[in-house]
Amino acid sequence: MIYYITSILLVLIGMYAVLVKKNLIKIVIGLSIVDNGIHLLLIAIGYVKNGTAPIFSKAGLQPNQMVDPVPQALVLTAIVIGLAVTAVALSLIIRLYDHHKTLNINKIRKLKW
Amino acid sequence: MYNDKEASKIVDIIKNFARKHSLWIVAYGTGCGAIELPPTMTSRYDAERFGIRGSATPRQADVLLITGYLSVKTLKRVIRTYEQMQEPKYVIGFGSCTINGGMYWDSYNTIKALDRYLPVDVYINGCMPRPEAVISGFIKLQELIAQGKADGAKRYQENLEWYRENQRKVIKNWRMPEYNW
Amino acid sequence: MEINWSTILGIIFTPIIAFIVGVTYGGLTRVITARVQNRYGPPIFQNLLDIIKLYSKESNINHGVMQHLGPVFAITASVTTLFFVPVIKDSTVFTNFSFHGDLIFLLYIMVFGSLGMALGAGQTGNPNSAIGVSRGLSQLVGYEVPFVMALVAIMIQFQTTNLNDLLAVQDHFTKWIIFQSPFAFLAAILAFLGMMGYAPFDVVIAPAEIASGPPSEFGGKYLGLMLTSRSIFTFAKLVLFTDIFLGGASDFITLLIKTFILYMIPVLTGIVFPRYRTEQSIRFFWSWPLFFGIIAILVVVF
Amino acid sequence: MSPVHFIAVPLFAAFLIPLIGKVSKELVKIIPGIVLLYLSYLSISLFPIGVNRPIVEIIAGFNPPFGITLYYGPIAAFLTTLITLVGFVIWLYSYKFIIREPTEKYYMLFMMLITGSTGIVLTGDIFNLFVFFEITSIAAYSLTAFLRDRDGAEAAFKYLLIGSFASTFFLLAIAIIYANIHTLNLADIASKIKDIPLTTRLFILILIIIGLGIESEMFPLNGWAPDAYSQAPSPVGAVFGGIVVKAAIYSLMRIIFLMFHTADVLHFLVVMGVITLLIAEMSAMKQQQIKRMLAFSSIGQMGLVIIAFGVGTEPSVRAAMFQMFNHALIKSLLFFAAGYLVFHSGSKKISALDGLGHDKPITSFFFAFGALAIIGLPPFSGFWSKLYILLSVADAGLMVPVVLILISSIIEAVYYLRVVSRLYFYKEEATDVRRTPVSGLVAMGILTVVILIVGFYPNLILHWMTPAANDLLDKAAYIKFGLFH
Amino acid sequence: MNSIEYILFITFIGAGLTFIVHHALPKLRDTLAILVSALDLYFVIQAISEKSKVVLSIADFHLIWKTTPYNNLFAVLIAVLGFLTILYAHDFMSSKDRLGYFYMNFLFALGGMYGIVYSQDFISLFFFWEIMTWASFLLVIYCCKDAQPIGLKYFVFSAIGAYSLLIAIVMLYSLSGNLELTNLISNFSNFSVSNQLIVVTLLLLGFGVKSAIMPLHVWAPGAYFISPSPFTALFSGALSKMGIFGIGLVLFKFAAQSGYFSYVQIILAWIGGITALLATFYAIFQTDAKKLLAYSSIGQLGYIIIGLAIGTPLSIASALFLTILHAAFKAMLFMATGAVYFRTGTTDMNSVSGLIRKMPFSFITALFGIITVSGVPPLGGFAAKWMLYESLIQSRHYFLVIVVFAASTAAFLYLYRFIFSLFLGQEEKEWEDVKEAPLLMVIPMLILSAFVLVVGVFPGLILDPISQSMNYLGNFNFNYETSVLFNEWGNQVDMQTVVNTIGAVFLIVGLIITFKGFKKTRYVSTKDIHTSGEIPQENENLTYAVDFYKPFERAIAPILKSSIDKIYTGIANNLEQAFDYLRYVYTGNGQTYAMYVVFFLSLLILFAELIFGINL
């Protein structure tokens, strides 16, 4: 349960950062936190208490004693994607800073209406 | 122009009779004489008895009534008006001023003898002539028409160059269209 | 349309009679006006003399073909109107073509002349003519409306648009439409004032203001033709009104009496009234006459 | 000859391109064309097969529901064909339009976009869908920022911000679905979705609507769209309007029709579609930049498509797909034309377009043509799809949306025609006649011809729409084919 | 292929070809366009006897074209007018550029109209309706920058009309699942009353916009004014008649089945009446000849609508008669105005004057035109007006007839203004070098003039096809002979007697007045007028043109105060303003957008059950 709560908390914290913080980098950090929250959630879904790795290493091991491997695979993929997004975001921030000389999101709104 | 007595055709007699009894005047109220016309036309003297009537434009009129002295400036307009009238047309000089300048005999900018500029058929003497005199003048004109002597238009046409010369003498800035009818 | 002797007689004599009567009425108007003004007045045939004199003018000018044809349009309209009105009731000669046309046709042919005249006046190029036409047409819109209302009321009431049928209805003087439909008569007679163009509705030809308006460039034979047309047209209109409202006439004496009475209405009005401005006269026609017209229609409908 | 090629070939090309870039710049430009030509050929040749009976491709040997499958049914066949063909035309246009370095990156990202989009359309696995989504998104972010001198970075950042939200919510939805029924195969989820408790299902639905709605440009979620469209290079705008959004809407609709096919959800879609349509068209009215205007128009058209899907009857779905097809073509044409117009006028402003009709007669003609077509005037193809949408919406008894759609059409007409007027009539004589490169003209010409032909023979396309619509609506068949071949 | 297929094929292919030919062989372009319209004319006449039917399957629909008497009537109208206007355009447009564009759209508009009139189902009708609309829109904006807002206004109103048409079509489809005219007509009585009314209203609205009924007329003055004259002639003469075509169809094929038909009739008739009256009043105060004619057009269409709405045989006959006649005389007037424009470069009535002697043929055309419009005998207009009044009186529309009469009397004002300002009046020095228009422009005008004259004498010639098409519309029979018209009370007007009388009197008096004193009757210039003796200078402008009907304006001032156009402009501006505020939703701040997402999410979560229901 604690994992679920933690993950939801993480998501909310990240959301807060994204929605409230004005600094672009903080926003990207927020996004990462949200991502991590979701990843944690995914892991938590597949988690079986006292479960083992999903490998038939021992005879008689029932599938319900194993940790679900699929979420782990998913999380791996998701983390990679998150990384890519973060990388793109950061590179964009560099470009934005070159252009606007500021990281305040309120001041970067040439495109509007 | 026909003389009633010499006319051979009944049509001519009718025409002359109608012309005689239907004199539409375009009153050119140039001078003080214009004031004599209202009493002439209205109930006291009632010139309409003789078929005399005012008309609004020279196109419809038969008689050009020059009521008094003519300044040089006015003369131009009068000539124009006369030339716009349809034949047969008559001119009545009204008051002494049209005959010899009257009290303006030595004025620098009035014309003295109207006859030199327009072919006058009848002069009405007086300064001013009373309505009775005016009516008698009209009756004289009617007589002239009946006798075929009221041929001012013809005279004007025949002696146009002479009239023009006289007119040009007094009217300095001469810009008149050609006389074309 | 069949051509026979009575038709030809009618065609020849109707305009002549109309002209004589019209001209005499014109002269009478002048005499009466003079008498009202405490004058002796011209002879009664003065208008005839005027017209003859105008025809006998030796020179004439025009500003182009439309001015030349303008009076022709006018007289065409007058004579055609006359031909399509039954002058004498039940006469074989003087009903002319009245069976071949009806009230609506008459309404239109009556403005035909004014339009032709307006075209002629337009070509003269005289601004006064154009002003006069502008006033005349505006006023036309004014009085046509009540007039049409009156006619519509009558048409509905008697279920016909033909004058001969209307005449057949009014076989006794109690059945004259003036008594059967008084409001229509009121509307129509007020419109008639405007139609005749006497004061107070003579702003069109206001002589001192716009130099007699549309005809200001017309002289000689053209003016003569116009006056002829006017005489005929006056008579035609009078006969039309007599036919519609006063039961027509079965002989000339009755016709003359009825038309004369009718004619005196605009003449006497004209003598005593000053002149309306254009918009005033339009507003006038759209107040009382229109009101009477509406009442006339309502009376018929309900 | 397998649907896998749709994903594998462009992906391979995408990674090959930077390498080849070291050798020959020209080859970099040509390779995507070859790839897309091949894909087009593939899609056309596979088309009849896919329409008759869905091809379900198993990846990596796991049988469904465990393995990832590709589901090449009628609708996928149609959309892949559309994507590859439009992609090819876009490549043709880009060939001379993208002259700015680094071209190899542009083509790499372009290939990624194609990969992602076809992947979205083809995949039968929800997480795989997510992955392709992210591929598309990341490529799209980068392409938005491709032009360095503009405000591309800002637009891209906004896109990224909102896009991350989308992916987050979508991933959350996947997580919840997986937590409840332990499966990721779409067909399997569809058959088991009723096992999830109602509240959870509602939550999933909301998350999916938000997640995929962002990419489908639904109204309150589409703040990124105008910026991204207007700042990206013109062909990329065409890619967004013609390919990416189509794939996104398809995935949204596929999920909704598979899992949440109820009247209320559909009504919600209609309402959202109407709101999207109206607000987008109204916002477009006073735009000063032509590409921004096109972006709003694009959003509006998506609203129209959402309405048609939301009605949820067979004719309406068919009409929606037809509209998607037409929009892909016409909007691409408009973006292409606008690209050169903007390029030559030197300003993004509409007011700078005065008199370009004389300077660039052919490009302007294409723009005018596209404008008339997108307003829905006959005999262009846009007319039929709009007509079908209206007929189907009215057939479902929804007269209010019909009226609103038509009102928005009037607004659309006003702002498009204003631009057309400016092109031709605001300045009389030609100042400086410049030529559009042949490849661009050919690209626009192809689209124009297709638009006209479809306008006269809508059956060419409509014919294939009925199986596609049935494919989308027939949940049972999807489950059957998706799970058991 | 039968004739209808030929017509549509030739026109559309011809349209495309002219555009191409313009760029390849500009010399052949005009010939091609004339050829196309001539072929159209030939096939339209062929089609009358063929009774052909074309079925074309496109999408899921069967597009059906068929010849019926009603269709043929309009098709012939379009074909003749199209041919004459293209003939006229050859010289008129010769100095303009973008001629490929012009002819292409001209032919597209023509083709659209053919498609409309022959169509027997609503899809093809709407399809061609839209083609016609955009083709005409492109022609409206053809000239210049000033035309753009006007064209846009035209398009917006057309779109409103077209879309209300579309809504009706869509409703009909959803009600009966079919869009074929014959089917719909037979099914119509099965619909519920409210549906019937809505459909009929929407259809009338849609067709009404094209025929410029109040208050949807505001596009017309500008569009007629700004479009090139040859097209204006077609626009007013034929294109606006498509609305009439539709209204006739809707009224007698659909609305007549409804229980509320009489109300529809009365409302429509009154709308027509008010249109006629107000348009006439507006026309009186125009200073531009084409605008004046535009308003006049609106007014005339009002009469036609009244005629259709009244629905008695005589009134329908008058409406259709007037439809044909209006096509002729309005084309004549626009062509004459175009000729003036061609030679002087303006149609401003305050500046052009006195062209009668320079452009006699144009003047005669204009004269015949105005006589026909005014309804004064002996030209064709009288027969139309006569039938209209008679039918109005006999169908007990007493006050409507007054309105109509007031309108047509007031029409004299603007007609006189038109001909006076352009052709009569002072012959100013400025227009001294003006010549008559080229032969190819004069010929169409004279053909039409001859037509209105013949129709005036023998209205029966046109009443034959009209009565056939009325039999198609419903069981309408009325009495007429070749030159005699009868009303329902049996009263008659014999056009031949009328014309004979007028002609004879006119000729006799005219000859007398001409030959009396012929030698001494002289022509003088218009500068030689009575000006109280003052001599006007050469360059002095004596034309009376500005504020020509000021007294009348003062008399009816209250009516003119409110302008429908201004109301629309106000609405449009406010809407645009509102839209402008609306787009502030897109603030440009990424965070705000993110906020929207989160808000939307919370909103959905909060009202989840409300929105998505519980039976998910």
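**The sheet of chain B and its surroundings**

Modeller: In this predicted model, strand β1 (residues 23-28) of chain B and strand β2 (residues 52-54) of chain B run parallel and are joined by three bridges. Within that pairing, B:Trp24 has B:Arg53 of β2(B) as its bridge partner, and B:Leu23 stands opposite B:Ile52 in β2(B). β1(B) also pairs with strand β3 (residues 63-67) of chain B, through four bridges and again in parallel. There, B:Ile25 is set opposite B:Val63 of β3(B).

These pairings belong to an open sheet of five strands in chain B, ordered β2-β1-β3-β5-β7, with parallel pairing. Two strands, β2 and β7 (122-124) of chain B, are at the edges; each has a single partner strand, so one side of each has no neighbour in the sheet. From one strand to the next, the twist averages 30°. Helix α5 (residues 131-147) of chain B packs on this sheet and touches β1, β2, β5 (90-94) and β7 of chain B. The direction of α5(B) makes about 165° with that of β7(B).

As for burial, six of the six residues of β1(B) are buried, and the strand is mostly covered. In a regular strand the side chains alternate between the two faces of the sheet. In β1(B), one set, B:Leu23, B:Ile25 and B:Ala27, points one way, while B:Trp24, B:Val26 and B:Tyr28 point the other way; all are buried.

The largest nonpolar core has 615 residues, and C:Val152 and E:Phe321 are the ones with the most contacts inside it. Helix α14 (residues 313-344) of chain E supplies the largest share of this core, 22 residues.

Six pairs of chains touch, and the pair with the most contacts is C and E. This contact takes 68 residues from chain C and 61 residues from chain E. On the side of chain E that touches chain C, the elements giving two or more residues are α16 (381-394), α17 (398-422), β4 (492-494), α20 (495-515), β5 (521-523) and α21 (550-555) of chain E. Of these, α17(E) gives the most, eleven residues. By class, the residues on this side of chain E are 36 nonpolar, 17 polar and eight charged. Strand pairing also crosses between these two chains: strand β1 (residues 60-62) of chain C runs parallel to β5(E), and three bridges join them. In this pairing C:Ile61 is opposite E:Arg522 of β5(E).

Chain E also touches chain D, with 46 residues of chain E in contact with 52 residues of chain D. On the chain D side, the elements that give two or more residues include α6 (152-181), α8 (198-215), α11 (263-285) and α17 (399-425) of chain D. The largest share of that side is the eleven residues of α17(D). The chain D side divides into 40 nonpolar, six polar and six charged residues.

Helix α3 (residues 69-92) of chain E packs against helix α19 (residues 460-473) of chain E at an angle of about 135°, with the axes 7 Å apart. That angle makes α3(E) oblique to α19(E). From α3(E), the residues E:Pro69, E:Tyr70 and E:Leu73 meet a group in α19(E) that includes E:Pro465, E:Ile466 and E:Tyr472. The contact of α3(E) with α19(E) counts seven nonpolar, three polar and no charged residues.

Chains A and C do not touch either, and their nearest C-alpha atoms are 55 Å apart.

Technical notes:
Residues numbered from 1 in each chain as written. Chains lettered and ligands numbered in written order. Predicted model: local features only at pLDDT ≥ 70, side-chain atom pairs only at ≥ 80, totals over all residues. Core = buried A, V, L, I, M, F, W, Y, C linked by C-beta atoms within 7 Å. Buried ≥ 20, exposed ≤ 12 C-beta atoms within 10 Å, placed from the backbone. Contact = placed C-beta atoms within 7 Å. Nonpolar A, V, L, I, M, F, W, Y, C, P; charged D, E, K, R; others polar. Pairing = 2+ DSSP bridges. Axes fitted to C-alpha atoms, helices over the stretch in contact; angles between N-to-C directions. Parallel < 35°, antiparallel > 145°, perpendicular 65-115°, else oblique.
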